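Open the model in your viewer and keep the sequence panel beside it. Each stop below names something to select and then says what is there.

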Amino acid sequence: MKGEDIKEKQNQAGNPIFVLILFVVLIGFVFYVPDIYKKYNKEINNFFGIKDEEEKEKEKYEGITPQSAYYQLNSKSTFDYNEITISDVTLENKTLSMTVRTAETFDLDKSGYYIEFYQNQKTFVGRRALHGIITKSLTLEIDLSNLNVDGTTYYVISHIDDDAIGGFSTDKDESSLQVLNCQKNNETYTYDFYMKKLTKATYKYSYTDYNLETYGSKLLELQKLEKDYKDMGGISTSISENANTILFLAEFDYSVKNEFEKVRDRKIFAKNTLKHVIKFKMDAEGFDCK
């Protein structure tokens, strides 16, 4: 009778070896099933011709050459670089002209293409972003007034994706709140950051003119821009006048909107854009950023 009671208790407690095996199987299920799912899901997608996000991103940059060969500004060279053909490169009075051709319509604004300048193919001088929509052919004019370049300067065409810009960062400021001021001629962009992510952008534009007709024309233009900005929402604007000078101010509130694409200003970045990305891109627009 006592032996039967012990056997019944063991049955109720369960077999320790069975419990251990069940535990090991459960652990394996948790750790390996996601990989098995990923593998077979990928095979199923391939069978039906469906591409996952990882493959799409990889395919996006497949065959993209990061940098062209070196050419001199006065060499009159014609060469192919990825999807585009560069020709008729000329430098005159610190303005660089170049013709860009492509077989299909191509948006340079979204391509991450730059022209970079070097002395003796070694010393980096600076870079400028390439912009515009190419429909077979497009002539670009790029202001190089604040770069030390001449006809003997070398240049390359480069492709730099936003994710790669981190490798160019030299920012050692680890403070939570940061400000970046970028100035060029009569335009100033001020960016506020929290933990190096964009939280606010301010645009200032100053215009001085002693000709009443052109002054009045510019004032009407800025007043229309002020109205358009207010209609978009999330933008505070003001116009002030002092003698022959107009000051236009616009503040972009990212607590209202995450981005301001309707503004059509590529220097107004999306919310949370990283500080080093903005500095890199504004440097490439010829702005002095501090």
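Select Cys-182 and Cys-289. A disulfide joins them, with the sulfur atoms 2.2 Å apart; a disulfide here is a pair of cysteine sulfur atoms within 2.5 Å. The angle about the S-S bond is 115°, and the link of Cys-182 and Cys-289 is right-handed. This pair ties together distant parts of the chain: Cys-182 lies in strand β11 (residues 177-184), Cys-289 lies in strand β16, and 107 residues separate them. The structure holds one disulfide. Cys-182 and Cys-289 are both buried. Buried means under 20% relative accessible area, exposed means over 50%, and partly exposed lies in between, using a 1.4 Å probe and protein chains only.

A word on the model before the next stop. It is predicted: local features need pLDDT of at least 70, side-chain atom pairs count only at pLDDT 80 or more, and totals for chains, interfaces and linings use all residues. Residues are numbered from 1 along each chain as its sequence is written, and side-chain values use heavy atoms, leaving out hydrogens and water.

**The whole chain**

Zoom out. The protein chain has five helices and 16 strands. Helices (H or I, at least four residues) and strands (E, at least two) are DSSP runs, numbered from the N terminus. Of the 290 residues in the protein chain, 32% are buried. Now consider contacts, meaning heavy atoms within 4.5 Å. Among those between residues at least 6 apart in sequence, 55% join residues at least 24 apart.

**Helix α4**

Select residues 212-232. This is helix α4, with 21 residues. From first C-alpha to last, α4 reaches 30 Å, close to the 30 Å expected at 1.5 Å a residue. That expected span is 1.5 Å times one less than the number of residues.

Which residues of α4 are buried? They are Tyr-215, Lys-218, Leu-219, Leu-222, Glu-226 and Tyr-229. They sit on the same side of α4 because they cover an arc of only 105° around the axis. The arc is taken from the directions from the helix axis to the C-beta atoms. Color the other side of α4 next: Glu-213, Leu-220, Lys-224, Lys-227 and Asp-231 are exposed there.

Show the neighbors too. The buried residues of α4 pack against β13 (197-208), β14 (235-242) and β15 (245-253).

Move to the start of α4. A side-chain oxygen of Asn-211 comes to within 2.9 Å of the backbone nitrogen of Glu-213.

Gln-223 and Ser-238 are 15 residues apart in sequence and 9.1 Å apart from C-alpha to C-alpha.

**A four-stranded sheet**

Next, find the open sheet whose four strands run in the order β1-β10-β6-β7, with antiparallel pairing. Its edge strands are β1 (71-72) and β7 (123-129), each pairing on one side only. Two strands pair if DSSP finds at least two bridges between them.

Select β6 (residues 113-119) and β10 (residues 154-159): six bridges join these antiparallel strands. Tyr-118 stands opposite Tyr-154 in β10. Then turn to β6 and β7, which are antiparallel and also joined by six bridges. Phe-117 has Gly-126 in β7 as its bridge partner. Three residues lie between the strands of this hairpin, where Asn-120 takes a positive phi near 60°.

What is buried in α5? Lys-275, Val-277, Ile-278, Phe-280 and Met-282 are. These residues pack against β6, β7, β11, β12 (187-194), β13 and β16.

Select Glu-285, in the loop between α5 (275-283) and β16 (288-289). Is Glu-285 buried or exposed? Glu-285 is buried, at 15% relative accessible area. Not counting residues up to four places away in sequence, Glu-285 touches Arg-128, Ala-129, His-131, Lys-184 and Arg-266.

Finish at Ser-255, in the loop between β15 and α5. Ser-255 counts as exposed, at 62% relative accessibility. Its side chain makes a polar contact with the side chain of Asp-253 at 2.6 Å. A polar contact is a pair of N or O atoms within 3.5 Å; within protein, one must be able to donate a hydrogen and the other to accept it, and residues adjacent in sequence count only if both atoms are side-chain atoms.
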